[in-house]
Each structure stands twice: as C-alpha cells, then as structure tokens.
Amino acid sequence: MMDEFGLYPREDAFDPLGVMLFKALQVVAFLFFIALLAVSPESKDGKIDSKAEFIITMDWPDNHPDDIDLFVQDPAGNIAWYRHREAGFLTLDRDDRGGTNDFIVVNDKKIPSPIREEIVTVRGIVAGEYTVNVSHFQATTGQPVPVTVKVQKLNPSTQVVFDNTVMLDHTGEERTAVRFSLDREGKVINVEQRQKSLLETFRSAWRNGADVDPKTGVRMGRP
C-alpha cells in the first residue's frame, strides 16, 4: 500500500547497526583469507630439489660448432659423462654437442641456442680425489678451442675452488682440467692439474677382460 506521499514502504525497517555488523564481518572474512594465503605452503608441483655440494661447469665460445665433452670421476671410481650421466653422487645435466643439438623448441619451431656448456653436479660428499677432464670429441674448425672449467663449492656458501681455461686443438684430445681432493667434511684440501686419462681407464678395463667397450666405456656384456 502506498503511503501519503505515493511511495511504497520498505518491507523491513532499515537497521543501521545490522548493516555495520555485516560490513565488519565482511572485512574480518577478507583479512582471514589474506592471512591464510600468507601462511599456506607454496605449491611445489613440477619443482625438483636441486641441492648440490659442488657444481662443475665447462663452457666454450658461443655458437662454436665443435663438440666438447666433460668427464668427472669421483674417489670411488664412478665417472659421469655423456654415456653415463648419473654415477654415484655425480650428475651430468646434458650432452652439449656443439652446433648439433643446441636449440630450444618454441611453438613447434627450433630456435638455435648460442650457449656451449656442460654441467656436472656433485650431490653428496665422498672423501678423496675428483678428476675433471675435457675431451675434444669432434673438431670441425681446425682451430684451437679455449675451454673454461670452473669448480664451485656451494655449501655453506659459494666458493670458487678452481677457474681456468685449457686449449684443445684436435679430435680425440683429452686434457685434465683439474684434480681436487675433499676430506670427510667436504673441505677442499688439495687442488692440482696433473694429467690423468679417463678414456684410458675404459681402455685398460677392456684389455684386462672387463665387460667395458674401450670406445664408449659402456658395459656391453660379454659371452
């Protein structure tokens, strides 16, 4: 029914206190939601624990077509390289083959990557000597290639153990970049560059009757 002014009355009387309480409840709910987001643990889907004790990096000039390989041997005799990327606590991230496989795929198109790099991570401590070698798998330019090797200790803080450049100039050449030794706590106690062939280790194993291919170092199984 209309009132004397020709307006329809409200179905319920206006209650300012109730409106204030409702608005206050909305504010409290919003603040609670924000606090919940702040304390919720971050989603770890797709994430990998990349904890490592040491990281060994080998790189050569950007866009270079030559194929250089990184070999790392731990004190137990495990060797990480392109045919055996996980060995003991050693992990090789990828086999960088120079101009052959350096690209990324974007929208189904291959885009060349200029970076020439291989990385080995050491994810645990084994006391003794580690050997880091570089090998010129395929030389295409006929020119010497500067290859830089860096060893970094990551815990408890980052420390550069070794950083130097060696020259490779022909297919099949192998050089020891560095040999470093750790104590039981993971402290570096010695760094040197005495040469030691890891490829010869594979060949010697084969000559002594072990089931290792001298060309690849891969276990083949013998009759």
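Is tryptophan 81 buried or exposed? Tryptophan 81 counts as buried, because its relative accessibility is 3% (buried means under 20% relative accessible area, exposed over 50%, partly exposed in between, with a 1.4 Å probe and protein chains only). Keep in mind that this is a predicted model, where local features need pLDDT of at least 70, side-chain atom pairs count only at pLDDT 80 or more, and totals for chains, interfaces and linings use all residues. Residues are numbered from 1 along each chain as its sequence is written, and side-chain values use heavy atoms, leaving out hydrogens and water.

**View 1. Phe71, Trp81, Tyr82 and Phe137 form one aromatic cluster.** Tryptophan 81 and tyrosine 82 pair edge-to-face, at 4.9 Å centre to centre and 70° between the planes (rings of Phe, Tyr and Trp, the last by its six-membered ring, pair if their centres lie within 6.5 Å; planes under 30 degrees apart are stacked, over 60 edge-to-face, the rest tilted). Tyrosine 82 also meets phenylalanine 137, with centres 5.9 Å apart and planes at 80°, so this pair is edge-to-face. Phenylalanine 137 is partly exposed, with a relative accessible area of 44%.

**View 2. The largest nonpolar core has 27 residues.** Such a core is a set of buried Ala, Val, Leu, Ile, Met, Phe, Trp, Tyr and Cys residues joined through side-chain atoms within 4.5 Å. Ile56 and Val147 have the most contacts inside this core.

**View 3. Here are the surroundings of valine 147.** Leaving aside neighbours within four places in sequence, valine 147 is in contact (heavy atoms within 4.5 Å) with residues including Met58, Trp60, Ile68, Val134 and Leu168.
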